[in-house]
Amino acid sequence: MTAAAGAAVAWRPPRSCEDYWSEWKHCKSLWNRFHHYYAFGTSLTCRQWKADYEACREWEKESSAEAKELLQQSERARVAEQNKFAPVWQLRQKPPDDWYLPLDHSKPQDS
Amino acid sequence: MEQSGEQQRSDEDYGYGLFPKRKEAKYKKGSVGESLFTFHNKCQLMLHFALETSPYAKFLLGVMKQSGCTAYQDRHFSCEDCDGTVSGGFDAATSQIVLCQNNVHRQSHMNRVVTHELIHAFDHCRAHVDWFNNLKHLACSEIRAANLSGDCSFGNELSRFNFGFKRHHQECVRDRALRSVLAVRKVTPEEAKKVVDEVFDSCFNDLAPFGRIPHSKNDVKFASRDFQNRDRYYGNL
């Protein structure tokens, strides 16, 4: 088995800059703020989306290592936030074997 | 599974008693059957409409298809009569979502029930959920379904005359998960509450596949966009 030499895929921001912009606008919206308070009882800070958008534009302009680092750190923090708690169950490697098995037609499933 | 009215049974039946048609060997016909047929027809139509037009349902179906669990209306969904006030259920033994044709009469309700049960189906597809023997697993999926289906939306809670605001969503999720567990398992309220409390933090914060609590169709659009983008996202972290 050989690896193709010099064929590394170029890094790009995890999301497009337009996505960062729309996430920021969505975050700031009254609807979103209302529902965040309804769900979590805290006020929302949307600054990070704006910072990510600016870093994304910086990367597009200058390809700066600093912008890349900022974006990677920010997104890794988001992923870590989602994985804060240990899962209750084990994930599957493949779907259940019986998902597509035909139903037992001796028992009617529809009345 | 959705909440039900109170019923006392002496043995554990895993909630199958709420769905009597699942175990019947004979199909009863007659005048009662005729009016049931109308409900059945209506249920099938509303189900089809939900699967075709509800952004929540379409997103879940799309994610499940990518995971190898394509859900077909005629195989994985069943409109049946149910006991009490149950709206639907997920039968892991047959990989089927049950919709209660005698209790679901509005399209908006059907959309929400389908979403709720699809979350159970999604959990079944992606994880080794021990539905019948592990109460924590059952509670976890109920917490997630209540959290992510719109069951506990501000509007829905208002319509139930539950006028909470700050952090009320979580109270609703906890309460509905508790009721769902009690509806299908022979456990005491104290036992059910203990299990829900034990797994709440982990399961309330497990937002797969949405990545966020979807409070609106717009949130689902964002979730869908993130899902389409997942290869780029994880490849550039």
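Start by selecting B:Cys69 and B:Cys125, which form a disulfide with their sulfur atoms 2.2 Å apart. A disulfide here is a pair of cysteine sulfur atoms within 2.5 Å. Turn the view along the S-S bond: its torsion is about 95°, so this disulfide is right-handed. B:Cys69 sits in the loop between helix H2 (55-66) and helix H3 (73-76) of chain B, and B:Cys125 in helix H4 (residues 107-126), so the pair ties together parts that are 56 residues apart in sequence. Helices (H or I, at least four residues) and strands (E, at least two) are DSSP runs, numbered from the N terminus.

Before moving on, a word about the model. It is predicted, so local features need pLDDT of at least 70, side-chain atom pairs count only at pLDDT 80 or more, and totals for chains, interfaces and linings use all residues. Residues are numbered from 1 along each chain as its sequence is written, chains are lettered from A and ligands numbered from 1 in written order, and side-chain values use heavy atoms, leaving out hydrogens and water.

Next, select B:Cys82 and B:Cys100, joined by a disulfide (S to S 2.1 Å). This link is left-handed, with -90° about the S-S bond. B:Cys82 is buried at 5% relative accessible area, and B:Cys100 is buried at 0%. Buried means under 20% relative accessible area, exposed over 50%, partly exposed in between (1.4 Å probe, protein chains only).

Now hop to chain A and pick A:Cys27 and A:Cys46, another disulfide (S to S 2.0 Å). Both cysteines are buried.

Finally, show every disulfide: how many are there over all chains? The whole structure holds seven.
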